[in-house]
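Q: Hi, I have a model open and would like to walk through it with you. Could you take a look?

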Amino acid sequence: GSSSGGRGRGGGVGRGASRGAVSYGGGGDDEDEEMDADDNNELYVELYRRDRCDRDRDRDRDRDRDSIRRRYSTRSRSRSRSRSRSRSPSSRGDERDSSASTPLGAQGSDSKADKLTRLALLQAFDGQWAATTDLSKELNIELNVLQQVPDALNQNSAAWATLLVLAYLAKHLASLQDDWTLLAKKARKWLLQHFGAQVVDDAAGGAAALV
């Protein structure tokens, strides 16, 4: 009787322990699933944050470019109006006669403000200019010259193109310095993130000789 009771009690303990083991094992699975869910949530939050940052950066870049385009186009129109008012009727007639005899390809010379607008639109968001065909046309430099990077710049064509643009602004658009100062500061900041100040200054001297 006592042995059967012991077996009964033992069996009861065994069953209780077995049930406890099953319950504990199930709890572990739940915890693993909760940890996986937390990891997934963190991943989704991080991906959303990065996507939001990319969209904000693109929006800011587009807004900056639109602002530049509006500012310079408005200034160009106002200067054109002031020049037209200052010209006498006889000079306007002479200009019309000369424009009639001028080939179509030679008409419509760009103003400095127009040139600055296009250069500003070619600048990347981080401040650099890429060595592209469009930039070579704006700087009146052959593309192969634009891509001949000094050894000190470690074949970084964007750095060389950026230095050429800065030299062009200082030499040919000095009268608009108030308008391009921020562009130049942004470009120099980008340059100094990649090269020392001495390297940048030395290369700037070579760029000034080409524009």
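Q: Let's start with Thr162: is it buried or exposed?

A: Thr162 is buried, because its relative accessible area is 0%. Do keep in mind that this is a predicted model.

Q: Thanks, noted. Where is the place of Thr162 in the secondary structure?

A: Thr162 sits in helix 6.

Q: And which backbone nitrogen does the side chain of Thr162 reach?

A: That of Trp129, at 2.9 Å.

Q: Which residues does Thr162 touch, leaving out those up to four places away in sequence?

A: There are Gly127, Gln128 and Trp129, and then Ala187, Trp190 and Leu191.

Q: Let me zoom out for a moment. How many helices and strands does the protein chain have?

A: The chain has 8 helices and 0 strands. Read from the N terminus, the order of elements is α-α-α-α-α-α-α-α.

Q: What share of the 211 residues is buried?

A: Buried residues account for 23% of them; Thr162 is one that counts as buried.

Q: And what about contacts between residues at least 6 apart in sequence: what percentage join residues at least 24 apart?

A: That figure is 66% for this chain.

Q: Back to helix 6, then. At what angle does helix 6 pack with helix 8?

A: The angle is about 60°, and the two axes are 8 Å apart. Helix 6 is therefore oblique to helix 8. Helix 6 covers residues 157-172, while helix 8 covers residues 197-210.

Q: Is that crossing of helix 6 and helix 8 left-handed or right-handed?

A: Right-handed.

Q: Which residues make the contact?

A: Helix 6 brings Trp160, Leu163, Leu164, Ala167 and Lys171. From helix 8 come Val200, Ala203, Ala204, Gly206, Ala207, Ala208 and Leu210.

Q: How do the residues of the contact of helix 6 with helix 8 split by class?

A: There are 10 nonpolar residues, 1 polar and 1 charged.

Q: I see a glycine in that list. What is the relative accessible area of Gly206?

A: For Gly206 the value is 34%, so it counts as partly exposed. Gly206 belongs to helix 8.

Q: Which residues of helix 3 and helix 6 meet?

A: On the helix 3 side they are Lys112, Lys115, Leu116 and Leu119, and on the helix 6 side Tyr168, Leu169 and His172. By class, this contact holds 4 nonpolar, 1 polar and 2 charged residues.

Technical notes:
Residues numbered from 1 in each chain as written. Predicted model: local features only at pLDDT ≥ 70, side-chain atom pairs only at ≥ 80, totals over all residues. Heavy atoms only, no water. Axes fitted to C-alpha atoms, helices over the stretch in contact; angles between N-to-C directions. Helix = DSSP H or I, 4+ residues; strand = E, 2+ residues; numbered from the N terminus. Contact = heavy atoms within 4.5 Å. Nonpolar A, V, L, I, M, F, W, Y, C, P; charged D, E, K, R; others polar. Parallel < 35°, antiparallel > 145°, perpendicular 65-115°, else oblique. Left-handed = near helix turned anticlockwise from the far one by under 90°. Buried < 20%, exposed > 50% of the residue type's maximum accessible area, 1.4 Å probe, protein only. Polar contact = N/O pair within 3.5 Å; in protein donor to acceptor, adjacent residues only side chain to side chain.
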